[in-house]
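Hi there,

Here is the structure I promised to hand over. Have a look through it, and then read on for what turned up.

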Amino acid sequence: MNTAPRSQAPFVERPREHGLGESHQAGTQPVTLRIIEAPSPNHDERPAGVPVDMLILHYTGMRTGQEAIDRLRDPAAKVSSHYVVEEDGGILRLVPEHKRAAHAGISHWRGHAALNARSIGIEIVNPGHEWGYRDFPALQMAAVCDLCLDILSRHPIPPRNVVGHSDVAPDRKQDPGELFDWQGLAANGVGLWPASDPPPPPESETLHLLAAIGYRTDLPLPVLVTAFQRHWLPSRTDGIADAATRARIAAVAALCL
Ligand SMILES: [Zn+2]
């Protein structure tokens with residue numbers, strides 16, 4: 001399952017000669033990825049007429065990567081993802097992108113539901129909050145970044161639709177969680193990260209601004225705020241919409257207008 005170690009700069013210092021930051025736009029050269037085929041039977045046809053316009057990132061949340069990979073390929077488990085990224089940066093393809101994988105479950109974003117139909121799912125090996133949540137190694141993050149850029153080069157996925165499982169299922173899921181380097185990904189052209197925060201808006205605008213970003217609004221506000229914090233203010237996951245959190249919510253919402 002493992003690939004040879006990759007020789008490259010740490011994730012935070014990704015070289016720009018690969019076109020990182022722009023390579024999902026037409027005319028630039030995507031990074032060449034080494035992908036191991038590990039087919040899963042747990043997929044079906046995507047519904048006709050629905051674009052693939054979301055990229056949803058997960059952690060595996062099992063004790064070992066192999067345990068997770070085995071489960072994602074087990075017909076009885078009925079779950080899968082399109083890709084798995086191991087902690088050493090190895091990338092496995094379980095389901096072809098044109099098929100629907102079973103990774104998001106009950107999920108909502110920007111008014112859409114059942115997001116498996118319109119998304120590509122990446123499972124990133126990490127034991128998760130249940131089994132010993134730990135840092136995502138730089139090699140793993142670099143591989144995630146390269147894989148995301150590769151996917152973005154093929155599909156009309158806007159930056160605001162690159163999200164975590166916890167964003168689209170805030171009442172059920174915590175992955176990929178507050179240790180995941182969303183800011184580093186955004187610096188490399190994957191997803192949204194605001195350059196600065198405006199003054200905090202009044203508390204009465206919080207739900208409206210979360211809805212503008214894409215969150216469903218029929219859940220308790222602390223649940224939504226916690227999900228937001230896991231992604232865009234990972235130093236705190238207390239669900240409290242204090243001034244700093246409201247400022248960051250407004251900053252992200254401004255990128256979604
Ligand atoms: Zn997940």
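What percentage of the 257 residues of the protein chain count as buried? The share is 46%, where buried means that 20 or more other C-beta atoms lie within 10 Å of the residue's own, exposed means 12 or fewer, and partly exposed is anything in between, with C-beta atoms placed from the backbone.

Before the details, please keep in mind that this is a predicted model, in which local features need pLDDT of at least 70, side-chain atom pairs count only at pLDDT 80 or more, and totals for chains, interfaces and linings use all residues. Residues are numbered from 1 along each chain as its sequence is written.

The overall picture

The protein chain has eight helices and 10 strands. These are DSSP runs numbered from the N terminus: helices are H or I with at least four residues, and strands are E with at least two. Contacts here are pairs of residues whose C-beta atoms, placed from the backbone, lie within 7 Å. Among contacts with a separation of 6 or more, 71% join residues 24 or more positions apart.

A covered helix

Helix H7 runs over residues 221-232 and reaches 16 Å from its first C-alpha to its last, close to the 16 Å expected at 1.5 Å a residue (the expected span is 1.5 Å times one less than the number of residues). Nine of the 12 residues of H7 are buried, including Leu-224, Phe-228 and Trp-232. What covers them includes strand E10 (162-164), H4, H5, H6 and helix H8 (243-255).

A loop proline and its partners

Pro-200 sits in the loop between helix H5 (182-187) and helix H6 (206-213). Pro-200 counts as partly exposed because 19 other C-beta atoms lie within 10 Å. Leaving out residues up to four places away in sequence, Pro-200 touches Ala-243, Arg-246 and Ala-247. Pro-200 and Ala-247 are 47 residues apart along the chain, yet their C-alpha atoms are separated by 4.0 Å.

Most residues other than glycine have a negative phi, and most peptide bonds are trans. Here the bond from Asp-175 to Pro-176 is cis, with omega near 0°, and Pro-176 lies in the loop between helix H4 (165-168) and H5. Lys-78 has a positive phi, near 60°, and is found in the loop between helix H1 (65-72) and strand E4 (83-85). Lys-78 is exposed, because it has 9 C-beta neighbours inside 10 Å. Arg-110 has a positive phi too, near 50°.

Happy exploring!

Terms used:
Contact = placed C-beta atoms within 7 Å.
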